[in-house]
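The following paragraphs lead through one structure, from the contact between its chains to features within each chain. Please keep the sequence and the 3D view at hand while reading.

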Amino acid sequence: MSFGGQRVLIHEIMSLQILITAIIGALAIAGLYWGGQWVLQKNYSRWAMQWTDELHELGAPLYLPYGEEVTLRLERYIDKYQEIDNVAFYRADGSPLMAVANSDDAPPVRPAEMSDALLAEVTTLIGADRPYLMSSSLLDIQRFTIYAPIWTASIASDGLFDFDPLADESDASMELVGFLALELNFSEFHENLLKNIKLAILALLVLLIVSGFLGRMSLRRALRAISDLQQPIAELAKGNLSVKFKPAAHREISEIVEALESTATALGERDAKLLRLANHDPLTGLFNRRRFVDELEKLADSPSASKDLGALFFVDLDQFKYVNDTCGHPAGDRLIKTVAERLRATVGDQGVVARFGGDEFAILVPGVGKRDAMKLADLILEDMRQLSHIEDENVIHVHCSIGVTIIRAGEATNDDLIAQADIACREAKARGRNRAEFYRVSKRETQQMAADVGWMRKLREAIDKDLFLLRFQPVVHIASGQTSHHEVLLRLKMDDGQIVGPDMFITAAVRFGLMAEIDAWMIEHALEAHVQYRENDPGLRLAINLSANAFETEDLAGYVAAQLRKRDITPDRIVFEITENLAVRHLSHVERQVAALREMGCEVALDDFGKGYSSLGYIQQLSFDYIKIDGSFIKNLVKNPVDQKMVRLIAEIGREAGMKTIAEYVQSGPAFSLLAELGVDYAQGFYVGKPIAVPRHRTLPVALASKRRKHRVADKSGA
Amino acid sequence: MSVTSHSQPKLARLLVCSLLALTAGCSTLFPEQTPEEPVVVPRLPPDLKPPPRPVEPPPPAPAPVPVPQEIEPEPAPEPIEGSKIAVLLSDRTPAFENVANALAAKLGQVDIYDLSDKSLTPKETVDSIRMTGIEVVVAIGYRAASMAASFESTPVIVSQVFNVGEIDFSAGNVKGVSVLPPLDLQVEAWRAMNPNLTSIGAILGTGHEQLIEEATRAAAERDIRFQYRLAQSDRETLYLFTRLVPDIDGFWLFPDNRILSTSILKQLLTYASRHRVQVAVFNDSLLSLGATISTTSVDANVADTIVTVANRLLEGDGQEVPSVTPLSEMEVRTSRSPVEQVASEGGDTTEGAH
């Protein structure tokens, strides 16, 4: 049953109730009828048995000389029972002897001869426990005839002297003397029964209707409390978490109400947390890029009499990398927090301050023109100059460069405005840092901005339309020459068919906040590729690069685990690579994420190791499976002894730390052989294998040094 | 308990009454003793005169014949010296075998043949008896009696057969010993147990006119009305019984196997119990079905009677020996409940026990 296209619970329950009741009622009626029939038949049978027994006694015509007295006794007897139509007696050969009818008005009965079959059947009943044949069934119990054999018996001649009354019948002989046929008519009795059954059925139907009506009423009353929940639940679904639920009288409904209230509370708390996470930078508590863009859109859409809607500031700290490298990244983070507080204090209620990532901040100040904007920029610069951050008893002064652009209605998109401010900021840096520059439309700047915005659009399109490509570059185990795994590399196919590497678009992707989506695309498509190619290469393992944005995900390991489960990939088939720069910048966060990934079963490689020379101190804090030696040490390895010493040192450090080393940028056989000599475990580069569209297992000739080392090990074992 | 007295019949009658009263009283005091120990009732010395011939048709109520009371009891028969007696049994039924054993105990030398012995056919058994040159054949049981009737010159004594009328006695060499204890003693015992007994009924097959006459006389002597019916089948017996019940307060069941079946016997006793009609039976086992009193013969008395008849036959006095010689003793058992019932109905049986 439906109501407005939807099924109605109360109607379904009622229908079910009616159906069950109808079935039970039908069964009850059928049972009543058949049970009544059965009881009747049993009773008829019992009465008939009694009558037959008594008629045996009265059946004297068969063993007593026929006489008027016997007939009169018979008539008197059957007159007492209207159900007995007549009684007939047959001789032993089945021929009729006599009959007595019940009704005085009935014509004299002349019983027909018994058939041979009936004769034979009834004869077999002599001496039986139920010595009668009843010609009726459950379907027809109104009129039937009972046939019974009548016989005499005697005890054996000498039987009475050792007579045991408790033993079985010890009669010596039984002699059939005739048959008795009792014709019974229970029509009137049966009609009375049917009449009573009909009355019972009628009463049952009335009871069913009444119980159905009462059941409907009680159901409606019971379910009304559920219906009352509809409105507040709908409100809750709309996001109104302050909705109030009416207290319920029933315990079950009350429990649901309590659960809904708890849900609303939990949803409110989670919404608040998500909102905070979605809109704020976790380090500084400032708005993040997404929220900043929302604010920018709001400002752009707001009606204003002035042409200038406000100003957008792009703030980049000068020489912040120096602080990171010299004082450490935690110190850098603390400095960022100090700068954020200072910016917030400086801007105050005038505008909104956001952190775009790293040492980049953005400020949106509505309702200001160029002059006021410049005043504010100068104020910020002055505040920054005054800022003294103390770190380990060292006073750190940090300056900033500011790019400013004026927001005018309908002139530029949000992305354009951010790009303009960024360009202006870069101009300030180019002009000596610690200064503010207004965005000016020069030809070169216009081209740069257009390029950045163009990349942003292209990347957005690539994400939405799957225009990225994956390439697989093998990593080979130097000692065995066997392929260990493939590094998955990201490529973008341009409109002209050219395929470009990430160097071309990563900067724009980071600038426009697309790295998180690119990371997700990368993980999912790399795993899909694993599913696609593992049939041909059951041992296939892939290394996936992750950006800083990926590690900003709260539960990266959980996300990865879900993706792996979805594709039935065991975690040990996947290696994640993170850059040394990323690892040391977000040390504590990365440490936790890396530990979670490794605990799950994935392997993690530290990429570009040695590039920043700053990671040696952190190698003890972070546990990786692989260290990928930066290509700058490998490029001239064969000719440069310093590089050789560096590589040997990194290999030794890796061994000591229980990590395997991978050399990148291996482009020649001598370099490959030398790496073996230097103790590096794996190699990657054009010599080992170029990036290819389909991962393919390959085997390289084993480097000589590796063989020698093996021999030496064997010799030592032999000794 | 067995009491035998041939010299003081009055005392014996008194003893019967006392014992019956005592047993009724004891049964009240010790109800677990059910049925009671049998009481052996001595009989008056057997009347060796031939009983009156059956009258056709039997008179409804023959004049009571007084039981001779002053006749000196006959001494116990002595074993037949040097005579060879063969005992032919229908089967090893205790009622037959006990009589044979009693006979053997009395005579010391008896050849016992058993028709149920499968090693010989009945004819071979009879032939082997002929070949041994025996002088008297005692046939115990109806089947044995039927077979022994073929002995033409050898005296045959039939015992433990109720329907003796079906056996040919015309040859003169066949004589019978009654299967039932004396009827007057039975009535006496019954009356002692139930002084209110006023009307007795019986149903018999044909050929028992002498029995009917004797029973009528025994009842009449005690102011008891005796009525009987003749039946031809078990159903007719039941039919007649149900119609007889309203007119009687005691039913005398005789061992006429021709008109009794197990089923009818049970129905009859149930019906009698339901209608408070006491039933005197010939077999102790029927007491458990509701019979009131059971009177049976004493094996030693039967054996004595057989020896007496045999002696007379061997002495050539066969013409004087009645076709069926009555017994003189009986054993009585009663069921507890009818006795209690009688006592509760105001009978003086209980008082007699005191």
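In this predicted model, 31 residues of chain B are in contact with 21 residues of chain A. On the chain B side, at least two residues each come from helix 2 (94-107), helix 4 (142-148), helix 7 and helix 8. Helix 7 of chain B gives the largest share of that side, with six residues. By class, the residues of chain B that touch chain A are 11 nonpolar, 13 polar and seven charged.

Two of the helices named above also pack against each other. Helix 7 (residues 234-244) of chain B and helix 8 (residues 262-274) of chain B have axes 10 Å apart and an angle of about 10° between them. Angles under 35 degrees count as roughly parallel, and helix 7 and helix 8 of chain B are therefore roughly parallel to each other. From helix 7 of chain B, the residues in this contact are D234(B), R235(B), T237(B), L238(B), F241(B) and T242(B); they meet I264(B), Q267(B), L268(B) and Y271(B) of helix 8 of chain B. This contact between the two helices has five nonpolar, three polar and two charged residues.

Chain A has 22 helices and 23 strands. Of its 719 residues, 32% count as buried. Among contacts in chain A with a separation of 6 or more, 65% are between residues 24 or more positions apart.

Helix 21 of chain A spans residues 669-678. Its buried residues include A671(A), F672(A), L674(A), L675(A), A676(A) and L678(A). After helix 21 of chain A comes G679(A), with a positive phi near 90°.

How values were computed. Residues numbered from 1 in each chain as written. Chains lettered and ligands numbered in written order. Predicted model: local features only at pLDDT ≥ 70, side-chain atom pairs only at ≥ 80, totals over all residues. Buried ≥ 20, exposed ≤ 12 C-beta atoms within 10 Å, placed from the backbone. Helix = DSSP H or I, 4+ residues; strand = E, 2+ residues; numbered from the N terminus. Contact = placed C-beta atoms within 7 Å. Axes fitted to C-alpha atoms, helices over the stretch in contact; angles between N-to-C directions. Parallel < 35°, antiparallel > 145°, perpendicular 65-115°, else oblique. Nonpolar A, V, L, I, M, F, W, Y, C, P; charged D, E, K, R; others polar.
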